[in-house]
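Hi,

Here is the structure I promised to pass on.

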Amino acid sequence: MSDPILIPRPEGLYCPQGDFFIDPSRPVARALITHGHADHARAGHGAVLATRQTLEIMAIRYGADFAGQRQAYEAPLRLGEVTVSFHPAGHVLGSAQIAVEAGGQRIVASGDYARVSNPSCAPFEPVPCDIFISEATFALPVFRHPDPAQEMEKLLASMRAAPERPHLIGAYALGKAQRVIMLAREAGYDAPIYIHGALQRLCDYHIEQGVPLGELRPATMDKAEAGGLREALVIAPPSAFASPWVQRFADPVIGFASGWMQIRARARQRGVELPLVISDHVDWEDLTRTVTEIDPAELWITHGREEALMRWAELEGRRARPLHLVGYEEEPE
Amino acid sequence: MRDFARLLERLAFTPGRNAKLDALADYLRHAPDPERGYALAALTGELDLGRAQPAVLRAMVGERVDPELFALSYDYVGDLAETIALIWPGDGEPGALDLPHVVETLQDTPKIRTGPVIADWLDRLAPSERYALLKLATGGLRVGVSARLARMALARLGGPSLEEIEEIWHGLAPPYRALFDWIEGGEKPERAGLAPFRPVMLSTPIDREGLDALDPAEFAAEWKWDGIRVQAVAEGGERRLYSRTGEDISGAFPDIVAHMGFEGALDGELLVRRGDQVAPFGDLQKRLGRKSPGKALLASHPAALRLYDVLLWEDEDLRALPFDTRRERLEAAVADLNPERFDVSEVLPFGAWDDLAALRAAPPQVVIEGVMLKRRDTPYMAGRPKGPWFKWKRDPRLIDAVVLYAQRGHGKRSGFYSDFTFGVWEDEALVPVGKAYSGFTDEELRRLDRFVRNHTVDRFGPVRALSPALVVEVAFEGLNRSTRHKSGVAMRFPRISRIRWDKPAAEADRIETLREMLDGGED
Ligand SMILES: [Zn+2]
Ligand SMILES: [Zn+2]
């Protein structure tokens, strides 16, 4: 293989022939962004190329002037000496894998991706490539996420069993919150769902983009009103649970929707009474299946449990290397 | 296994005692026999399934999963059973096995063959059931369900009351079919064993001001001895010594049991007594720690009962009689018993409350922790009725708190978990109220350390979070209001005055007790 067309640098993956970074963790002149999660999409770049939805999400989160120039991806394009194309990643609304091609070599930076069906975005598209760059958020064989519908059934069963207690579910603002709402709707829960103020604009945006969320009400009522709330589903970002906002609810059941909830100690650490294993990342089986399916000549591994995936590659006789990029969180908001 | 696995999950994540009770009662109401009986026994530690060793489990999983991937996973998850449950290949099928089959097979399987049996089951079960199975097979079901909590859940099923259940509990064996039949309207089970436990009558705290509302002539006063409250029952040749929650502790006190040559049920304080001298609580603890004490300990730490009450005597149930009458009967009864092992708690002479206050201020022995007040005209009532019995504890301020976190100590205690954060009940949760350590003896230190390691539910660096199972008596000099503490109070010079191995966490003090101390304005 000739010299790779992407090089890991401390601030992110750099493409010398196109002079751009992918998901850089520090402000750069030109950035290509896979999706709107805060650790992939940061404000302050000179120019940003991303899907239209990712650009709009960034504008919601950071303000319209989050970058000097914004360009929405429409079709494959040339940047310097390389060709760049975006492909669905199945992770959150607007999420994409970025394929970079030059001199007969193709690298796919998949960002974060998932293989389970998610009605808010197009399903992950396997793109044949020489080098596949994969996240490793849940790359341990203990992560085998159950069917999300089954987890939603667990939530609804708990609501039936304790109808006098409002159910407060922690979910990250972009993607997970809407996913939980959609799963509730798919399971036939059609009462209004209460959302924390920090979720309002992103939920509105999902609705605008044609993602049906049903009737949402702000969970910004005062203590007296919230104290009277009984049979209610309330979604809030995890940070809200450490704040006095929670105190307004009488005897709530605290839940948390995350792939991490598969590990008991994690759930207990957060004081979660109702752990819901709902993830927007690939679990171990989906991850290894995807790599096998794409069958790249080389696997590059980024944020997460790189060691276990390296070991798996070794057992499979695959070439693999960890990238050790900095600045990515375990499961960003 | 599916419902049992779900129950375990609910119990593990539900912080509230009441919610735990709900979950348990809900399960017991719906699960079939004999599954629910086995589940109950498993949760309360009454089921002995032989204990699969960790090495056996590791070898088992080593045949299915790459050892390095397993090691990385175990390192991350931190719990062997959980790691195996999650990593075991295949999806199994929910509900493929039922609990009675698993329990009965484990009971019948020689230890050497448990490995392959468990491996075969793991192939068939879904992941959450695998976890339940492994916890069952390794004896590691620690979800905070005591036998007492289990009985309370049974009492919620709408049949017999808690007191009725406690009366027949001893002598019942898993899977408790007769018990469930009774709960569902069948016949009350014959007492399977003689000498059952009778629910104990407990007191409520009072202070000097509270006494002003009461007429001293209506009350008898006794010293409150610093031992443990017990019930000695002898019927038809069967002799049993029960703690006040109904746990059978006869085995640890053969010196008492040997002298229980009577027919009846007596209520008293278990003490270590040398002649007239009652030994400090620590001496009694030494005895409590030994399930079968040796001759030397029996000689150096002789146990005795200081009797408070008589419930039954020679086939007559005396509980409905007023205190004064029971007291006469008690004195008559004790006359025939070995005075080295049994004596009667003295009734203190006093006219006005201030006389009693003077007595209380200068107790004749240090092992006295205050005075008890008992209304002369009231029967012996199970539970903690408000009004007939009061305890007026000595100073300083003492509360019984539950140990929540433990941290490794320094210096002499290096490597031992000896620094504790403790809490009291607020509604159904425990709220931390202070941090302390005490001058534990070396033996106590070791026992505490072992307790901490066996009851860890979480770790944060050097700190371990514990399941709420250990009560400590915390002594402190005063109480300040505090906005920094979630509880709203801060203790001055708190120290752990003793460890209450005998006291259930549910009976630790409540935050209201502390707040009342604040309102008392003594600080
Ligand atoms: Zn993401
Ligand atoms: Zn990410």
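Predicted model: local features only at pLDDT ≥ 70, side-chain atom pairs only at ≥ 80, totals over all residues.

Residues are numbered from 1 along each chain as its sequence is written, chains are lettered from A and ligands numbered from 1 in the order in which they are written, and side-chain values use heavy atoms, with hydrogens and water left out.

**The sheet in chain A**

Chain A has an open sheet of seven strands, in the order E7-E8-E9-E10-E11-E18-E19, with mixed pairing. Helices (H or I, at least four residues) and strands (E, at least two) are DSSP runs, numbered from the N terminus, and two strands pair if DSSP finds at least two bridges between them. At the edges sit strand E7 (77–79) and strand E19 (319–322) of chain A, each pairing on one side only. On average, neighbouring strands of this sheet are turned by 25° against each other, direction ignored. (Axes are lines fitted to C-alpha atoms, for helices over the stretch in contact, and angles run from 0 to 180 degrees between N-to-C directions.)

Zoom in on strands E8 (82–88) and E9 (96–102) of chain A: they run antiparallel and are joined by six bridges. Thr83(A), for instance, has Glu101(A) in E9(A) as its bridge partner.

Helix H7 (284–294) of chain A lies across strands E11 (131–136) and E18 (298–304) of chain A, at about 180° to E11(A). Helix H8 (306–316) of chain A also packs on the sheet, touching E11, E18 and E19 of chain A; contact here means heavy atoms within 4.5 Å.

**Two domains of chain B**

Chain B is divided into domain 1 (2–138), domain 2 (204–393) and domain 3 (397–519), with bounds from an automatic or database domain assignment. How far apart are the C-alpha centres of domains 2 and 3 of chain B? They lie 27 Å apart. In this chain, 13 residues of domain 2 are in contact with eleven of domain 3.

Four salt bridges are counted between domain 2 and domain 3 of chain B (a side-chain nitrogen of Lys or Arg within 4 Å of a carboxyl oxygen of Asp or Glu). Elsewhere in my notes on chain B, the side chains of Arg498(B) and Glu369(B) meet in a salt bridge at 3.6 Å, N to O.

Cheers
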